[in-house]
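Have a look at the structure first, then read on.

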Amino acid sequence: MQEASRKKVSDQSHRFYGQPQQEPGSYYWPPINQNHLPSEAFNPYCNLESSLGTSSYPPQNSSSTVSFTSNGSPSHQECHSYPLEPYYSPDNNRGSPVSRSCLTDDADDDLRHKIRELEIAILGPDSEMFDVYSVSNPFHPVLSEQEAGWKDVAEIISRRDLKEMLCACARAIGENDMLAGEWLISELRGMVSVSGEPIQRLGAYLLEALVARTASSGSTIYKALRCKEPIGSELLSYMNILYEVCPYFKFGYLSANGAIAEAIKGENRVHIIDFQIGQGNQWMTLMQALANRPGGPPKITITGIDDSTSAFSRGGGVEIVAKRLLNLADSLMVPFEFHGIAGSASEIQLEDLKVQPGEAIAVNFALVLHHMTDESVGSPNHRDRILRLVKSLSPKVVTVVEQESNNNTAPFFPRFLQTLNYYTAIFESIDMTLPREHKERINVEQHCLARDIVNIVACEGAERVERHELLGKWRSRFLMAGFEPHPLSPFVNATIEALLKNYCDKYTLEERDGALYLGWLNQNLVTSSAWI
C-alpha cells in the first residue's frame, strides 16, 4: 500500500527545471502554463510541490514554463509609491545602487543570442538586430528604454545574486515587463532548491508564486497551486514539528495565557472565547494552572471557533477538541463546558457566543485577525466589526498575537520585498534547529509556510487572505473600537525569557509600550499584546 501510494504521487508530479528526480515521500509542484491552467477541481488546500535540487547556483539556460504574450499579460501593477532604486541589491553592503555600466564587446555569445531571441519576440524574425554591445562606441545611437532595460537585466543575471534576481524579477512582473520577467524566471530556475540554503528554499516558493502571478489572477492562481495535500494526520504532524522547533507559537500561547490568568484572578465563572481554537492545546496549560488555584478552580467555559483548515488537520470537527478538553477537565476536577462553532471567525455574531450574565469574559485572537477582511478589500469591514462586537462584551482582557508584517494594503512590489525579508528570517531560524537532512523538513516548510507565501505574492483582492498588519496599525484599530492597552506583566516577560533559553541565542525579545516583540536578529516576527 505504501509503495502504491508513492507511485501515485510520483505519477502526478513534475520537477523544477534542471533538478533531480523526486525522493520518496516528497511532493513536487508542476509548472504552470499561462495558456493552459488546469480546469479540474482541486483539493481545498494548497500544497506547493517542488523538486529537490542541489545547493549550488549553477547557470541555467532553460526556457520558462510560462508562455508570455504581448496581449496576454497581467494588468499593470502600480509601484510608483515605493521609492526604491529599481536595481538595488539587497546584499550590497555599501547601500549604493547597482552599477549600470555598459557591457563590453567581448560579452559571451550566449547572452547576445538571448537578447536576439527577445528582439525576435517583440519585432518578429525579420527585424534588424540592434547590437547592444556596441554602446561602448560614443557615436552609436542612444539605446531605447527597452534595450537599456535588457542590458540591465543582463548585468543582474551576470552577478548571480539570488536575492537581487528575485527582486528584479518581481519588479519586472509588477511593471508588466513580461519579457524581462520570463528571462529572469528561466535563469532563477537553476538557482533555487527546496533542499538548499535558506534563501534557496525560500526562493523556490517565491519563484513559483511569481510564475503563478503571471499565469492568471485571483482564485485561478491559488487553485492552480492546490496540488496534492497530505492527509490530516500528516499535516498535523508537520505543524507539531514546527511548533517544537521554533518558539513562535509557544511565545503566543504563553504570553496570552499569562495575561488571561492575571485578568481573571478571583473570578468564579470564566468564559474564554477563542476565535481560532485550532487543536485546543493552548488551553490545556491554562486549565492545569487554574486547577491548582488556592480556593479551588473556577467554572470554565470555552467557546471555540473552528475553521476548515483546523478541522482538516485534526481529521475531524470541533468535537474532537471538545472531547480532549473535557477529558482533561475531568482528570483535574475542573468544572468545564465547551461550545464549538464551525465556521469563519469573520462571520461571528453576538448571539453565536452565548455569553451569560456574571461571566468574566476573556477573548483570544491568536494569529487570526489578519484573515479578516477590512475596508481595503470591500464591504463589510469584518476586521473592525469584530473588534466592536468584542468590546460590547465588556471583556476582562483581549489577547492578540500577530505576525509583525505589513502586507495588507501594500502594492505588489513592496509586498514582495516585505515577504522576502520576513520569511528569510523564518527559514534561517528553522535551519538552526531542524537539520537540513531531516526527512520531514521539506514537508514542514511546504505545508506550513509556503502556502501563505504564495497567497501573499500571487493573489489579489478577496482571494488574498493573508493580510498582516504591524502592531501599530492594530493599536489604531483597537483604540478606535474603544479599547485601551493593557501592558503585559513582568511575570509574563520572565516566562517568555525562560522559554527562549531553550532556543538559539539569535532570537530576540523586546518589550515596547506594554507589548512583546519576538524576533530573529534584526527582524521582528511576532507580537503579543493585551487590551481592556
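L471, R475, P485, H486, P487, D513, G514, A515, S529, A530 and W531 line the largest cavity. This is a predicted model, where local features need pLDDT of at least 70, side-chain atom pairs count only at pLDDT 80 or more, and totals for chains, interfaces and linings use all residues. Residues are numbered from 1 along each chain as its sequence is written, and side-chain values use heavy atoms, with hydrogens and water left out.

**The largest cavity**
- α16 (471–480) and β8 (523–531) are the elements giving two or more residues to this lining; helices (H or I, at least four residues) and strands (E, at least two) are DSSP runs numbered from the N terminus.
- The lining splits into 6 nonpolar, 3 polar and 2 charged residues (Ala, Val, Leu, Ile, Met, Phe, Trp, Tyr, Cys and Pro count as nonpolar, Asp, Glu, Lys and Arg as charged, and the others, Gly among them, as polar).

**The α4/α6 pair**
- Helix α4 (residues 162–174) packs against helix α6 (residues 198–215) at about 15°, with axes 11 Å apart (axes are lines fitted to C-alpha atoms, for helices over the stretch in contact, and angles run from 0 to 180 degrees between N-to-C directions).
- That angle makes α4 roughly parallel to α6 (under 35 degrees; over 145 is roughly antiparallel, 65 to 115 roughly perpendicular and the rest oblique).
- On the α4 side, L162, K163, L166, C169, A170 and I173 meet I199, Q200, G203, L206, L210, R213 and T214 of α6 (contact means heavy atoms within 4.5 Å).
- The residues of this contact come out as 8 nonpolar, 3 polar and 2 charged.

Conventions:
On a 1 Å grid over the protein atoms alone, a cavity is a set of points where a 1.4 Å probe fits but cannot get out, and a pocket is an open set with protein on both sides within 12 Å along at least five of seven lines; lining residues have an atom within 4 Å of a point.
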